[in-house]
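Colleague: I would like to learn how to read a model like this one, feature by feature. Could you take me through it, giving the general idea before each case?

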Amino acid sequence: ENDFPNAYEDPKDKLLGGLLPPGLDEKSCLSRYQSTIYGRGLSHQPSPYLISRLRSYETLHKRCGPYTESYNRTLVKLKSGQEANDPSDCNYLVWISYSGLGNRILTLASAFLYAILTSRVLLVDRGADIPDLFCEPFPDVSWLLPLDFPITNQLNSFDQRSPESHGNIMKNNNFGNSSGSAIPSFVYLHLAHDYDDSDKLFFCDQEQSVLQKVPWLIMKTDNYFIPSLFLISSFEQELSQLFPEKDTVFHFLGRYLLHPTNSVWGLINRYYQAYMARADEKIGIQVRVFDSDPGPFQHVLDQILDCALKEDLLPNLNQEEPSIIPFRNRKTKTVLVTSLSSGYSEAIRDKYWKSSTSTGEVIAVHQPSHEGYQQTEKHMHNRKAWAEMYLLSLTDKLVTSSWSTFGYVAQGLGGLKPWILDKPENRTAPNPPCRRAMSMEPCFHAPPFYDCKNKVGTDTGALVPHVRHCEDMSWGLKLV
Ligand code: GDP
């Protein structure tokens, strides 16, 4: 109880300008209405249209969610097998829990937006620990896929080769053709990194109109595929009304959908109050090294320091000792480092302990955990990872690692345009060490390069001004 002081009890704008629905139980999910207590409101205003679509989604979810009459009726189609030729009053999108936590957060947002665009109800597979990490986002009815869902034990075995996949159905020319083949009761959408050209047809208008008729879509992805939804012409108008500012998609959807459970909120609050609340400025540094060797590496440390100095995020050291700056004028910069290894923050802390700074600023370096390696199935491990992404989102300036969805989540929730550390080649620090991101949006790592109309390959990063190639991955796509 003492973790949540009284002064914080009624933060202003707790509904985030109308993004959040009022009236949900506060005690069971403190983070939902307290997300602005550390001064982190939304970076932009959500459009009235987005707000109204969220409220109508909530109504749909309430009418069609688990164990409602409509749900039970649509479930019969799935149980009874093949054909679903008469339309259902509710259609569903089942999200399969897959991959690391950062990836899962991005795919939850992607699936939710796709559900809104196609008037489907999003149901979430719990995986190892989804209910342990995230509050229920919608009023009255759960978003969790019921445990007695008929094909639950099949969910994990769906893969690129599954005959029920959209791609494989397309290859066998089995539905959506003019000969009027039956509409299956469910289709598996394989949108993971190893998907092939047939799976990628998902991003074509023609396919979307066929998929519309399928009552159950079951999706497995580890990618933030929203940038490619912006290239589907039938979604274009709706998307531009929802998001007049196109680089705010994940910011709004993430802040709407993803609220840490009380146990994770406790980790966030205690850490923030102990190590971040009193800082004059908070700098986040997210270090993710994609290397089989655990590190820490000198070239990565050099790169971080080079970036922080060049971009004026951290001060230079003072050459003359001792520096005499009156105590009361001293500013404290708190550096929050997240990494699987403790080596980087130790080295930065050491550097600012051994010498004073040229500006007289006091540099405090903190790192919440150093878990060593990725442990996707462990509860406390994932709680810490979620808490750390959230804590990074509460910083004023953020440095992230290339290719990391962990960093994308932090920047998106916080509404921050990060400085991205370029990916080192051959274990040497790149020059320049980092660059400022064009937008706070995540990068879609495995986009299709196909022109559905003309049936030829095309550079999908050059079609419209708001979908571009990413800073950190030349073939990726992001909204700007
Ligand atoms: P990505 O692999 O960087 O795109 O991010 P993911 O979150 O999808 O997967 C990485 C996983 O490794 C995380 O979910 C955590 O389990 C773990 N991990 C990586 N970096 C950190 C870190 O800085 N702190 C913590 N606590 N866990 C991390």
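This is a predicted model: local features need pLDDT of at least 70, side-chain atom pairs count only at pLDDT 80 or more; totals for chains, interfaces and linings use all residues.

Colleague: Which other residue has a positive phi although it is not a glycine, and in which loop is it found?

Modeller: That is R427, with a positive phi of about 55 degrees, and R427 is found in the loop between β9 and β10.

Colleague: Which residues does the cis peptide bond at P296 join, and where does P296 lie?

Modeller: The bond from G295 to P296 is cis, with omega near 0 degrees, and P296 lies in the loop between β5 (281-286) and α12 (298-310). A cis peptide bond also joins N431 and P432, with omega about 0 degrees; P432 belongs to the loop between β9 (419-421) and β10 (434-436).

Colleague: Several of these loops flank strands, so to speak, and I would like to read the sheet next. What is the order of its six strands?

Modeller: In general, strands of a sheet pair through backbone hydrogen bonds, either parallel or antiparallel. Here the sheet is open and its six strands follow the order β7-β6-β5-β8-β9-β10, with mixed pairing. The edges are held by β7 (362-366) and β10, each of which has a single partner strand, so one side of each is left without a neighbour in the sheet. Neighbouring strands of this sheet are turned by 20 degrees against each other on average, with direction ignored.

Colleague: In what sense do β8 and β9 pair, and which helix lies across β9?

Modeller: β8 and β9 pair in the parallel sense over three bridges, and the bridge partner of V399 in β9 is W419. Helix α12 lies across β5, β8, β9 and β10, and runs at about 155 degrees to β9. Helix α15 packs on the sheet as well, touching β5 and β8, and its direction makes about 155 degrees with that of β8.

Colleague: Turning to another strand, which residues lie on each side of β1?

Modeller: In a regular strand the side chains alternate between the two faces of the sheet. In β1 (residues 91-95), N91, L93 and W95 are on one side and Y92 and V94 on the other, and all are buried, which leaves both faces covered. Five bridges join β1 to the parallel strand β2 (residues 120-124), where V121 stands opposite Y92.

Colleague: Which residues does Y114 touch, leaving out those up to four places away in sequence?

Modeller: Y114, which is found in helix α4, touches L93 and L229 on that count. Y114 is buried, because 24 other C-beta atoms lie within 10 Å. The C-alpha atoms of Y114 and F225 are separated by 9.5 Å, although the two residues are 111 residues apart along the chain.

Colleague: How is the protein divided into domains, and how many residues of each are in contact?

Modeller: The division is into domain 1 (27-257) and domain 2 (264-443), with centres separated by 33 Å, taken over C-alpha atoms. Across the interface, 23 residues of domain 1 are in contact with 28 residues of domain 2. On the side of domain 1 that touches domain 2, α1 (30-34), α4 (101-117), α5 (130-133) and α10 (249-257) each supply at least two residues, and the residues of that side divide into eleven nonpolar, seven polar and five charged.

Key:
Residues are numbered from 1 along each chain as its sequence is written. Helices (H or I, at least four residues) and strands (E, at least two) are DSSP runs, numbered from the N terminus. Two strands pair if DSSP finds at least two bridges between them. Axes are lines fitted to C-alpha atoms, for helices over the stretch in contact, and angles run from 0 to 180 degrees between N-to-C directions. Two residues are in contact if their C-beta atoms, placed from the backbone, lie within 7 Å. Domain bounds come from an automatic or database domain assignment. Ala, Val, Leu, Ile, Met, Phe, Trp, Tyr, Cys and Pro count as nonpolar, Asp, Glu, Lys and Arg as charged, and the others, Gly among them, as polar. A residue is buried if 20 or more other C-beta atoms lie within 10 Å of its own, exposed if 12 or fewer, and partly exposed in between; C-beta atoms are placed from the backbone.
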